[in-house]
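Dear colleague,

I am handing over the structure that we spoke about, and my notes on it follow directly below. Please read them with the model open beside you.

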Amino acid sequence: MNILGAVVTFLLAFVVGMTYGGLNRKITARIQNRKGPPFYQNFIDAFKLASKKSAIHHGAMHHLGPAFLMVSSVVTLMIVPVLTHSQWFPNLNFQGDLIFLLYIMTFGPLGMALGAGQTGNPNSAIGVTRGLSQMVGFEIPWVMALVAIMIQYHTTSITGLMAAQAQSGTWLMFSSPFAFIAAILAMLGMFGYSPFDVVIAPAELASGPASENGGKYLFTMMSSGSVFAFVKLTLYVDLFLGGADNIIMLLIKTFALYMIPVLYSNTSVRYRTEQSIRWFWGWPTFFGLLAILQAVIF
Amino acid sequence: MNDKNSQKIVDIIQNWARKHSIWVLAYGTGCGAIEIPPTMTSRYDAERLGVRGAATPRQADVLLISGYLTVKTIKRVIRVYEQMQDPKYVIGFGSCTINGGMYYDSYNTINVLDRYLPVDVYINGCMPRPEAVLSGFAQLQKRIAAGRATGAQHYKENLEWYRANQKKIIPNWVMPDYNW
């Protein structure tokens, strides 16, 4: 039953993440006054990539890089509760899973960095350097926001925070607004859309760490990215928007959150790496500090 | 259901996906590169047909040779083409790839691209307008759906002939026999 539930959770995350990616392309196209691809274009792309032959060999780490990303996404998915009460979506929550989550979320990009390093492609190396630098940028406000809510509610588990929200009747978004703002600003960096697409930088770095990966590698990266997008949005809903009781509420809340990076990306152009880091160490970190002060004093 | 029939069904589904998801590596060798941005952006919007730019040869399905090729650039084009992953297609863009166009008697351009790389679809004109580029993509989609875009297979089967032609015009051939 648990294994079946895990498969159902994964399929839901895959389908929803892919569809959101397709809607992102459609919305971007409409903003640019284009017709745009159909919303299911990402599924066609994924199927095509999976059906391509791959004759690339750069060594074992290169083969494992996308697999690391997938492992990170799936483990994160298994820890984050999808719905508040549902037997179909089991999760492996435990006391302290929020801290574990902070580690496991960076595990995938680090594995991918090792894999990209072995390809010997200079674009990959530059992309990895940029990605890790930017991660230093947005992890600080993100960790500050999480520490603030952990102090405020005296718990380090996601289900504990959800229970605290259910008990008090207000969403954490309203009871600790500064943490919410800092976390949302950090989310812009986590998604890596413009202006924080310094890692991918299609016209500049030729897609960065992915530049030697085609076909099935790219399929793995694409599907793990979709799953990871869904997990991140669900985590934000769980932490700040009080979780969701059913799938419809989950979709409404996650889509509303997803629109923040999408619309922000469509109105801004790419930063340089140092501008991006400075941005994250500016207002987002300030709001993170305010959140910790609020948690300690009140 | 025997293996042949099931393979046929798989082929039909895969070709449908390939047809609707064409990632293009636009190799901007000649003046034709200027026609690619309007094809991709708001006015003509090739993305609605599933045509999208790819960043590197590893990710690309279609190599779009936009214009003339000098003997210097064709070496790079061959490397790029051989790094692409199967199934892959080549579109020859503009008169220069067909018969040399206005550079037919130049000392350092090639005249017929098909002697060096297997071209699946030609788009003629000097310059072909974005409408012509889109019609070329539509033609390629038709060929993919019918399973007739087999240039890469032809290249593999006749690699020696292509190699001989390539080595004839590239004097300093310092490459491996096949660029993976």
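At what angle do helix α8 (residues 177-191) of chain A and helix α13 (residues 283-297) of chain A pack, and how far apart are their axes? The angle is about 150° and the axes lie 7 Å apart, where axes are lines fitted to C-alpha atoms, for helices over the stretch in contact, and angles run from 0 to 180 degrees between N-to-C directions. That angle makes α8(A) roughly antiparallel to α13(A), given that angles under 35 degrees count as roughly parallel, over 145 as roughly antiparallel, 65 to 115 as roughly perpendicular and the rest as oblique.

Before going further, please note that this is a predicted model, in which local features need pLDDT of at least 70 and side-chain atom pairs count only at pLDDT 80 or more, while totals for chains, interfaces and linings use all residues. Residues are numbered from 1 along each chain as its sequence is written, and chains are lettered from A and ligands numbered from 1 in the order in which they are written. Helices (H or I, at least four residues) and strands (E, at least two) are DSSP runs, numbered from the N terminus.

The contact involves A:F178, A:A179, A:I181, A:A182, A:L185 and A:A186 on α8(A), and A:W283, A:P284, A:F287, A:G288, A:L290, A:A291 and A:Q294 on α13(A), two residues being in contact if their C-beta atoms, placed from the backbone, lie within 7 Å. By class, this contact has 11 nonpolar, two polar and no charged residues, with Ala, Val, Leu, Ile, Met, Phe, Trp, Tyr, Cys and Pro counted as nonpolar, Asp, Glu, Lys and Arg as charged, and the others, Gly among them, as polar.

In chain A, helix α3 (residues 60-79) and helix α4 (residues 97-119) pack at an angle of about 165°, with their axes 7 Å apart, which means that α3(A) is roughly antiparallel to α4(A). α3(A) passes α4(A) in a left-handed crossing, and their contact has 16 nonpolar, 10 polar and one charged residues.

Helix α2 (residues 41-50) of chain A has as its buried residues A:Q41, A:N42, A:D45, A:A46, A:K48 and A:L49 (buried: 20 or more other C-beta atoms within 10 Å of the residue's own; exposed: 12 or fewer; partly exposed in between; C-beta atoms are placed from the backbone). These residues are on the same side of α2(A) because they cover an arc of only 165° around the axis, the arc being that of the directions from the helix axis to the C-beta atoms. They pack against α1 (2-31) and α10 (216-240) of chain A, together with α1 (3-20) of chain B.

Between the chains, the contact takes 27 residues from chain A and 17 residues from chain B; the chain B side has three nonpolar, eight polar and six charged residues.

Finally, A:Y236, found in helix α10 of chain A, counts as buried because it has 22 C-beta neighbours inside 10 Å. Not counting residues up to four places away in sequence, A:Y236 touches A:A183, A:M187, A:L241 and A:L257.

Key
A crossing is left-handed if the near helix is turned anticlockwise from the far one by less than a right angle, and right-handed if clockwise.
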